[in-house]
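Here is a short note on the aromatic rings and the core. Please keep the model open as you read.

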Amino acid sequence: MWVRRRTAAAVLGLLLLTGCTAPGPAPAPDTAAFQTAADRRASAVRTGQLAAVPLAAWSYRVTDVRPDGDDRATARAELSYRFAGYDDGAVTAERALGFARRGGRWTVTSDRPAQGAAPQLWEQGAVGVVRGERSLVLGAGRDTARLRAVAAATDRAVPAVSDAWPEGWARRVVVLVPGSLKDMGALLGEPAVGYRGIAAVTTGRVGGGPGAPADRVIVNPEAYAVLGDYGRRFVLAHETTHVATRTDTSELTPLWLSEGFADWVAHRGTSGGSGGAGASGAYRTPAEAAPGLRDAVRAGAVPAALPTDGDYSFAADGKALARAYEGGWLACHLIAGRWGEAKLRDFYRAAGDKGPETALREVLATTPDAFNALWRAHLREQLGSS
């Protein structure tokens with residue numbers, strides 16, 4: 001109740017006459033009791049709902065408790081978890097916990113994503129788990145055979161990526177396979193329509209050390225299902241490259257380099273790269289692997305410059321997006337061919353540390369304008385009609 005301002009004497013007299021005391025701030029909730037209840041919830045999850053998942057840690061940190069009467073409350077909590085043998089850093093998520101007091105003790109009665117937070121895979125159905133040699137694949141509503149196929153493709157991708165990027169990563173990958181495109185969008189906290197033609201994405205925070213939040217490769221089961229064996233291996237090699245290079249990728253790294261390098265590694269690992277047919281015997285020439293740019297170049301429409309970050313928007317026209325990926329790949333193809341693969345790796349790391357312009361100057365001894373001209377000439381040479 002709002003009371004209009006009076007003099008101090010008048011207020012004191014009113015309080016004495018009515019026998020009331022002056023209202024003060026509400027007492028702070030006993031956060032420790034709620035934390036204890038959340039700890040019991042964590043133990044129950046590890047031994048119950050997720051008993052089949054190899055968890056190294058699962059905990060809640062309770063914050064912002066809001067009572068709802070004497071025997072109910074809600075709280076925001078940070079969930080933190082790691083998979084044993086796969087995660088150096090933890091995955092974190094904001095949760096909304098509901099509590100009820102029963103027999104004098106607080107108990108968690110609900111555990112759901114906080115407002116604006118994405119759900120977890122196990123909230124989308126029963127979780128299946130397949131452990132590969134170098135991969136951990138979790139699926140919701142997916143049969144075990146499909147999860148095993150994803151694990152096998154990931155297990156083949158890891159050594160191919162390690163051959164191209166031999167240092168600085170754990171050489172193991174966690175893959176999540178939701179039940180549908182809609183479920184994939186929910187896991188990413190984004191509208192599903194933006195990922196309709198995207199077979200997989202990698203989540204994680206760029207930069208950071210070994211303790212940085214863990215990466216996850218999330219498969220779009222609908223787009224992935226229509227790919228052939230080559231396409232599936234290519235996609236998982238591409239995404240695995242993002243996992244491998246994450247700590248050397250920063251906000252300074254242009255998308256033409258991060259996406260182009262991932263495509264370069266995937267082409268190298270599935271087709272033998274620039275050295276001929278690989279184990280699949282499926283070597284593809286640049287003209288075969290970059291049909292969008294090939295057609296543009298042969299029509300006399302050589303791009304004026306390297307793709308911008310905006311060109312990689314999933315909301316962009318599909319053909320334009322494909323040309324952006326092809327352009328980034330051919331930029332890395334140019335660096336590997338002209339300066340060598342070791343220099344390409346050095347350039348990638350330097351670009352994430354100092355930015356691409358400085359990396360061009362210090363690692364490749366060139367300038368953005370000169371490199372752009374070399375790239376355009378490379379497109380004509382590799383994609384032009386013979």
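1. Phe371 has 1% relative accessibility, so Phe371 counts as buried. Buried means under 20% relative accessible area, exposed means over 50%, and partly exposed lies in between (1.4 Å probe, protein chains only). Trp339, at 23%, counts as partly exposed. The rings of Trp339 and Phe371 have their centres 6.4 Å apart and their planes at 40°, so the pair is tilted. Rings of Phe, Tyr and Trp (its six-membered ring) pair if their centres lie within 6.5 Å; planes under 30 degrees apart count as stacked, over 60 as edge-to-face and the rest as tilted.

2. A word on the basis. This is a predicted model: local features need pLDDT of at least 70, side-chain atom pairs count only at pLDDT 80 or more, and totals for chains, interfaces and linings use all residues. Residues are numbered from 1 along each chain as its sequence is written, and side-chain values use heavy atoms, leaving out hydrogens and water.

3. What does the pair of Trp339 and Phe371 tie together? Trp339 lies in the loop between helix H10 (318-338) and helix H11 (341-354), and Phe371 lies in helix H13 (residues 368-383), so the pair links parts 32 residues apart in sequence. Helices (H or I, at least four residues) and strands (E, at least two) are DSSP runs, numbered from the N terminus. The protein has 13 helices and nine strands.

4. Arg338 lies over the face of Trp339, at 5.4 Å from the ring centre. Likewise, the charged end of Arg284 sits over the ring of Tyr230, 3.8 Å from its centre. A charge sits over a ring if NZ of Lys or CZ of Arg is within 6 Å of the ring centre and within 35 degrees of the ring normal.

5. The whole structure holds 16 aromatic pairs. One of them joins Phe34 and Trp106: tilted, 4.6 Å centre to centre, with 40° between the planes. Phe34 lies in helix H2 (residues 31-47) and Trp106 in strand S4 (residues 105-113), so this pair ties together parts 72 residues apart in sequence. Phe34 is buried at 4% relative accessibility, and Trp106 is buried at 12%.

6. Now the core. The largest nonpolar core has 105 residues. Such a core is a set of buried Ala, Val, Leu, Ile, Met, Phe, Trp, Tyr and Cys residues joined through side-chain atoms within 4.5 Å. Its residues with the most contacts inside it include Trp58, Tyr60 and Phe347.
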